[in-house]
Structures are given as structure tokens and as C-alpha cells.
Amino acid sequence: MSRQMNVSLFTDAIAEMCVEANLRLSKDMSAAMANAIQSEQSTLGKKVLSQLEENLKIADTESIPICQDTGMAVIFLEIGQEVQLVGGDLTEAVNAGVKKGYTEGYLRKSVVADPLLRENTKDNTPAVIHTSIVPGDQVKITVAPKGFGSENMSKVFMLKPADGAEGVKEAILSAVKDAGPNACPPIVIGVGIGGTFEKCALMAKHALTRETGTHSPLPHIRAMEEELLEKINALGIGPGGLGGKITALAIHIETYPTHIAGLPVAVNLCCHVNRHCTRII
Amino acid sequence: MEQHIQVPFDKTTAASFHIGDYVYLTGTIYAARDAAHQRMMQALEKGESLPLDWKGQVVYYMGPSPAREGRPIGSAGPTTSGRMDRYTPALLDLGMIGMIGKGKRTPAVKEAVIRNGAVYFAAVGGAGALLSQCIKSSEVIAYDDLGAEAIRKLEVENFPVIVVMDASGNDLYAEVTKNL
């Protein structure tokens with residue numbers, strides 16, 4: 001049995017989700033920020049976190065984006081294999097949603113049509129769309145607009161199998177150190193380990209959308225997440241990079257089988273806003 | 001130390017700041033980011049004049065989100081300063097006295113800061129809604145076609161910043177991570 005779904009449903013949902021993700025911190029990120037404020041000890045660090053807390057209140061009540069960089073819209077679509085999409089082109093429907101959300105929601109248009117010619121598209125399209133086909137007759141939409149302060153500090157490492165877990169940890173720590181204040185700490189760190197060059201980068205991006213505060217179901221990966229969060233928060237970079245304990249709010253690692261010759265690792269950094277918003281239709 | 005300072009300010013005032021100082025700025029600053037800097041450099045290379053005289057002025061690396069009706073500006077936090085590093089020494093040598101942004105700078109910028117007795121402030125990255133409340137008016141004065149990247153004249157009131165590089169070249173970011 002297939003279920004027919006009109007692509008216009010995507011347009012409306014995505015328009016609303018782009019605005020929601022940019023104006024209001026998700027519940028999991030709010031909880032992570034509240035914890036951070038309790039734990040920070042440094043004077044400037046506390047000051048930065050209290051400014052960010054006040055910023056979130058103003059953004060919510062005044063309907064002003066949390067950050068002026070309202071991102072490039074990254075959209076994950078998990079499409080049930082029993083769904084039949086009708087009523088038009090899916091990509092066009094998604095981009096129509098992005099255009100509507102960014103225009104009507106007073107969000108910044110930050111996308112240029114050509115990476116070298118650099119002319120602004122003026123409606124923040126196109127989105128970066130990742131689709132996957134899954135069992136079922138529903139569609140899960142995740143909208144994760146990504147700011148580029150932190151995106152610019154992200155990295156891919158093609159390690160050797162001999163580098164092992166220690167090499168992976170070193171690579172992740174070096175990415176966080178190199179980013180320092182530029183990624184707008186406190187940050188969330190999405191990591192992909194394994195797969196191929198592009199697969200690990202996609203996993204790192206997807207890992208950012210995981211509910212903050214939850215861990216990998218794999219015991220050795222969970223242990224690595226816990227160990228790395230502790231090590232990162234011992235670096236001293238702190239909120240705003242001005243010194244303190246809270247450099248990262250969370251680290252999420254995803255893994256995938258890989259080749260006998262390789263150990264790819266991608267590290268995608270994200271600021272405290274870590275916009276992500278999910279809906280099932 | 002907390003200070004309330006009028007902008008623009010002179011070299012004596014710039015020299016009085018120390019890294020870690022918390023400063024509230026009131027007065028006029030100018031927003032410019034990547035594309036505006038690139039255009040200004042092209043103008044300088046051609047021997048043309050710039051849309052404003054940077055002497056004694058403070059730049060804010062920022063491109064706002066659109067303003068809602070009745071508001072001067074949308075979200076308006078700092079962008080990463082390092083992307084402007086290639087262009088910054090030339091503007092400092094023209095007399096620009098201060099910069100507001102976030103993140104690390106190159107050694108060339110640091111040398112230009114020392115050479116010209118300037119100062120680099122950080123605003124809190126990600127606090128764009130809060131910072132927008134300190135901006136009382138905003139007017140595009142050049143490169144309107146660049147949209148969010150146009151040069152804007154901003155009137156600010158008690159705009160909160162932290163001194164991250166002072167006129168002697170002390171660098172708060174480097175201090176924080178020197179033991180890494």
C-alpha cells in the first residue's frame with residue numbers, strides 16, 4: 001500500500017521550521033545551556049553565558065533571530081518507501097519552503113549562487129538536501145540551518161588504521177583547539193568516524209542533530225564521547241574563547257563500517273544555537 | 001574593569017585599554033564585512049577614495065538579519081574577524097582606531113594594531129538579538145546592493161564589548177590558550 005503525499009506539505013512545514021529553528025533554542029540545547037551556566041566558574045565565561053541566556057529570552061519574546069547568521073538551510077529527509085510524492089518536484093518544494101521561511105521570517109539571506117562569482121540569491125536558496133529512503137509510510141523532516149562561523153572551523157582527517165582510537169581523539173582535540181574562539185564556544189561537536197571521505201562528513205553533520213545530552217548506543221563510542229567532552233572542557237578555551245571551563249556542551253559521534261586501509265574522521269563544529277528541528281508527516 | 005566610552009575615540013583612549021577590560025561603547029560605529037572590505041580594497045588599488053574616512057573610526061564586522069517594522073535593525077552580532085585580516089592592516093594604516101568582531105587575528109593585524117595604537121574588541125558571538133537592542137539607528141551609507149554586507153552607520157548605546165587585543169599587542173585569546 002502506498003500513501004500519496006503532496007510535496008506542498010514539505011513547503012509549509014519547512015518554512016515554519018526554518019523560522020522556529022532560528023528564533024528558539026531547541027529544548028535539549030536549552031537544557032545544555034542551563035547546565036553550562038551552573039558549572040562555569042570564570043568571571044568572563046559566566047558573563048558571556050549570561051549574555052547568551054539573556055539573548056535567548058530577547059530572541060524569543062521579540063521574534064529576533066538568536067544570531068544574525070541564520071545559516072544555510074541543511075535539510076535531512078527520511079522518506080518512507082511506501083510514500084508516493086505527488087504534486088510537483090520535491091527539491092523545488094523544499095526550496096520554496098526555505099524561501100518562504102527566510103523571507104517572511106525576517107531571516108538573513110546568506111547564500112551566494114556561485115562560490116566564486118558570489119552573487120547573493122536573495123532568498124537563501126538553495127538548501128543542502130540529504131534524502132534517504134527508509135521503511136514505512138511517513139516522512140521525517142529535520143531542518144538544521146548551519147551558521148558558518150563554526151562551519152569554517154570544521155575538518156576532515158583521513159587517518160591511518162594504525163592511528164586507532166588515540167589518533168581519532170587527537171584529531172578531534174586538534175580541531176577544537178584550532179577553532180578556539182572562532183567557532184563561538186560553547187560549541188557542540190558532531191563527529192563521523194569511518195565510511196568514506198564524504199560519508200564521514202555527512203555523519204558528522206547528522207550527529208549535530210542528535211538530541212543533546214544523549215549518547216551513542218555503542219559502549220566504546222559512548223566512553224569516547226565522555227572522555228573527549230572532559231578533555232575538551234579542560235582546554236580552558238571557555239565561553240567566547242575568553243577562558244573558562246565550558247568550551248563544549250556536547251560531543252556526538254556516529255560511526256560506519258570502513259575500508260581495511262582507512263580511518264576517516266570528520267569533525268563538524270557548531271555554536272550553542274545548534275539549530276535543529278524535526279517533524280514527522 | 002568596566003568602562004563607559006564614547007565612540008569614536010582618540011589614540012590616548014585606545015592606549016588606555018587593557019585585555020580583559022569590559023567596555024560599553026556609545027556613539028557611532030560602522031558595520032562592514034567580507035564583500036564591503038573587498039570592494040574597499042579594490043577602490044584603494046585603483047586609487048579611488050573610500051565611501052568613508054576611516055580615520056579615528058571603529059569598524060564592526062557584522063551583517064544583520066532584516067529589521068522588522070518599527071525596528072532599526074534585526075539580529076546584529078559579530079562575525080569572525082579573521083576573514084577580514086587580509087584587508088585590515090591597510091585600513092588601520094589609514095587611521096582606523098578600533099575593530100569589533102570575534103576570533104583570532106593574524107600576526108600582520110597584530111603588528112598593524114601596535115604600529116597604529118589601535119584596539120580590537122570582541123562582542124559575544126551568538127548574542128545578535130541582545131546586541132541589536134543596543135543599536136539605536138542604522139543607515140546604509142555604501143554598497144547598498146550588497147544587502148546584509150552593505151556598509152552601515154550605526155548609532156549604539158552601551159554596546160558591550162571585551163578588549164581582546166590592546167594597543168601594545170597583548171592578545172587575550174592567546175593568553176587563554178597559551179598552555180595548550
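In this predicted model, chain A holds an open sheet of four strands, arranged in the order β6-β9-β7-β8 with mixed pairing. The edges of this sheet are formed by β6 (155-159) and β8 (248-258) of chain A, each of which pairs on one side only. From one strand to the next, the twist averages 15°. Within the sheet, β7 of chain A (residues 187-195) runs parallel to β8(A), and nine bridges join the two.

The pairing of β10(A) with β5 of chain A (residues 139-143) is antiparallel and extends over four bridges. One of the paired positions is I141(A), whose bridge partner in β10(A) is R279(A).

At 1.5 Å a residue, the 20 residues of α3(A) should span 28 Å, and the end C-alpha atoms are 28 Å apart, which agrees. The buried residues of this helix are L44(A), G45(A), V48(A), L49(A), L52(A), N55(A), L56(A) and A59(A). Because they cover an arc of only 135° around the axis, they lie on the same side of α3(A). The face turned away from that buried side carries the exposed residues K57(A) and T61(A). Just after the helix, S63(A) has a positive phi of about 55°.

What covers the buried residues of α3(A)? The cover includes α1 (8-23) and α2 (27-39) of chain A, together with α5 (128-132) and β7 (151-165) of chain B.

The contact between the chains takes 39 residues from chain A and 34 residues from chain B. On the side of chain A that touches chain B, the largest share, nine residues, comes from helix α3 (residues 43-62) of chain A. By class, this side of chain A has 18 nonpolar, 15 polar and six charged residues.

Key: Residues are numbered from 1 along each chain as its sequence is written. Chains are lettered from A and ligands numbered from 1 in the order in which they are written. This is a predicted model: local features need pLDDT of at least 70, side-chain atom pairs count only at pLDDT 80 or more; totals for chains, interfaces and linings use all residues. Two strands pair if DSSP finds at least two bridges between them. Two residues are in contact if their C-beta atoms, placed from the backbone, lie within 7 Å. Ala, Val, Leu, Ile, Met, Phe, Trp, Tyr, Cys and Pro count as nonpolar, Asp, Glu, Lys and Arg as charged, and the others, Gly among them, as polar. Axes are lines fitted to C-alpha atoms, for helices over the stretch in contact, and angles run from 0 to 180 degrees between N-to-C directions. The expected span of a helix is 1.5 Å times one less than its number of residues. A residue is buried if 20 or more other C-beta atoms lie within 10 Å of its own, exposed if 12 or fewer, and partly exposed in between; C-beta atoms are placed from the backbone. The arc is that of the directions from the helix axis to the C-beta atoms.
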